[in-house]
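Look at the model below and follow its parts one by one.

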Amino acid sequence: MRILLILILLLPGCSGSINTPVSYFNVETPRPFGYVIGDEIPQRIIIETRSGISLQASSLPAKGQINRWLNLNQVTIKQSGQRYQIDLRYQVFYAPPTVKALTLPGFTVQFNQGENKPEEKMLSQSIPAWSFTLSPLRELVVRQTEQGEYLRPDSPPQLLENTQAWYGLSASLTVTVLTAAYLSFLYGFFPKLLRRTLFKQALRKLAGLSKTDMEQVLSIVHYALNTLNGQPLFYNQLSDFYQRNPQYRQISAKLEWFFNYSNRYFFSAGMITVTPDLQQIKDLCEQCRKIERGSL
Amino acid sequence: MIRRIRHITLWAVLLVGLLTILYSVESLYSTHHDNQLIQQLTTGQDVVVNQVITGKPELRLARAFYFKQKHRYEEALSTLSLIMDKGDKAFQAKARYNLGNLYLEQALQQVKTMNMNAALPLLGLAKQAYRQSLALDSSNWDSKYNLEVAMRLLPEMDSIIMPDDDGPINQKSQLWTTVPGFPRGLP
């Protein structure tokens, strides 16, 4: 009997209805003074609901004209879990002759509890009205000009912006000039520039070759020297080559060795290639690269 | 194959670059020309109508500005009405502010000649234009000031009673007059 009595007492506590649907509620408003006609007044309402309770967005005031002097320009709701941030932006259109206290009207926010049945009581939270003062912009006795009442003048048309067009022109000019230059290089319009990379290209090709590819190694170096000379270069033409390219005279010994070695390789039978020979050719190429680069 | 693709791509980039250069140069020339027309109109010289009709909305705004300076209100109104929904928010706010000025200036002229029947609708239109302008750009002080001028001339009829104000018994004697006019101070 005693247990039954306790159960009866606990029964109302187990019911689904909650009298306070909101666990946290705050209205953030700016300063309540110093506004003039046409000013926008933001109002932020923070609501944290209990679990299972959600805000009914349609209960918020609708965007548009609230009354003859007050507009609601913006209504934004941000939800994160059970927390709702409601941002309202009002605009005042009232011309007081002196400083006047006005009020943003209060309203009631309603909540849904799970799947609300029509007969269930709607949960709600009232948002209080907020008072502020509005000041006039002009004196009571009107200032006069030669034309009559003093008015602010028309807004003159601004000149058109051309910054975007300048940016576009600069960017397109840069891209076009660079592309044209690269294409010219590829089509051989810069022979001097091409000459400056002859041994660089040769070194790149030599990098992957071994002593078994000696024929290819020699051909690569011959090709670079021929291109630099403008015609095929042979041992007996070296003195002419030095006259045209005096900077190569400093490695004449190595060049002569290279031509002798090449002659022996191509025209003597039974020559055995060794790794130091390959290294010596690579060194020669490296020296030539330094000369063409201007660092030797 | 890759070399061929690279060449085709390079030529395509060059072509696109050249076309963009042409477009940018044309755009710069057109902007320069329009700016010259705007400067001409704001300094009180008219321009050929065709150049305005085919031009940007800013040109029409400049022409409306010119008409207003010359007190050719009807032409200014028809020019402004064509650009109300053109341009960005700042431009629309400016066009509406100038439209409000156009109505308000005409209303003031009607008030001066005591033609109240003509002044009242013009004042209503001016207030509407200023309100729309402020809704688009609430930082325009000129618009706020002129709206207050218009509202003083033709106050709203809703009286706002605050708890601190006197009760509604005394309200009858404090209602705004609907006849446009400003308090002129002491005699």
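In chain B, the axes of helix 3 (residues 57-69) and helix 5 (residues 89-112) come within 11 Å and cross at roughly 15°. Helices here are DSSP runs of H or I with at least four residues, strands are runs of E with at least two, and both are numbered from the N terminus. Axes are lines fitted to C-alpha atoms, for helices over the stretch in contact, and angles run from 0 to 180 degrees between N-to-C directions. The crossing angle makes helix 3 of chain B roughly parallel to helix 5 of chain B, a term for angles under 35 degrees.

This is a predicted model, in which local features need pLDDT of at least 70 and side-chain atom pairs count only at pLDDT 80 or more, while totals for chains, interfaces and linings use all residues. Residues are numbered from 1 along each chain as its sequence is written, and chains are lettered from A and ligands numbered from 1 in the order in which they are written.

Which residues make the contact between the two helices? Helix 3 of chain B supplies Pro57(B), Leu61(B), Ala64(B), Phe65(B) and Lys68(B), and helix 5 of chain B supplies Phe91(B), Ala95(B), Asn98(B) and Leu102(B). Two residues are in contact if their C-beta atoms, placed from the backbone, lie within 7 Å. Chain B as a whole has seven helices and zero strands.

Chain A contains an open sheet of five strands in the order 1-2-6-5-4, with antiparallel pairing. Two strands pair if DSSP finds at least two bridges between them. Strand 1 (22-28) and strand 4 (64-67) of chain A stand at the edges with a single partner strand each, so one side of each has no neighbour in the sheet. Neighbouring strands of this sheet are turned by 25° against each other on average, direction ignored. Within the sheet, strand 5 of chain A and strand 6 (residues 83-92) of chain A pair in the antiparallel sense over ten bridges. Val75(A) has Leu88(A) in strand 6 of chain A as its bridge partner.

Finally, the two chains meet: 44 residues of chain A are in contact with 51 residues of chain B. On the side of chain A that touches chain B, strand 5 (70-80), strand 7 (100-104), strand 12 (148-149) and helix 2 (163-186) of chain A each supply at least two residues. The largest share, eleven residues, comes from helix 2 of chain A.

Key. Angles under 35 degrees count as roughly parallel, over 145 as roughly antiparallel, 65 to 115 as roughly perpendicular and the rest as oblique.
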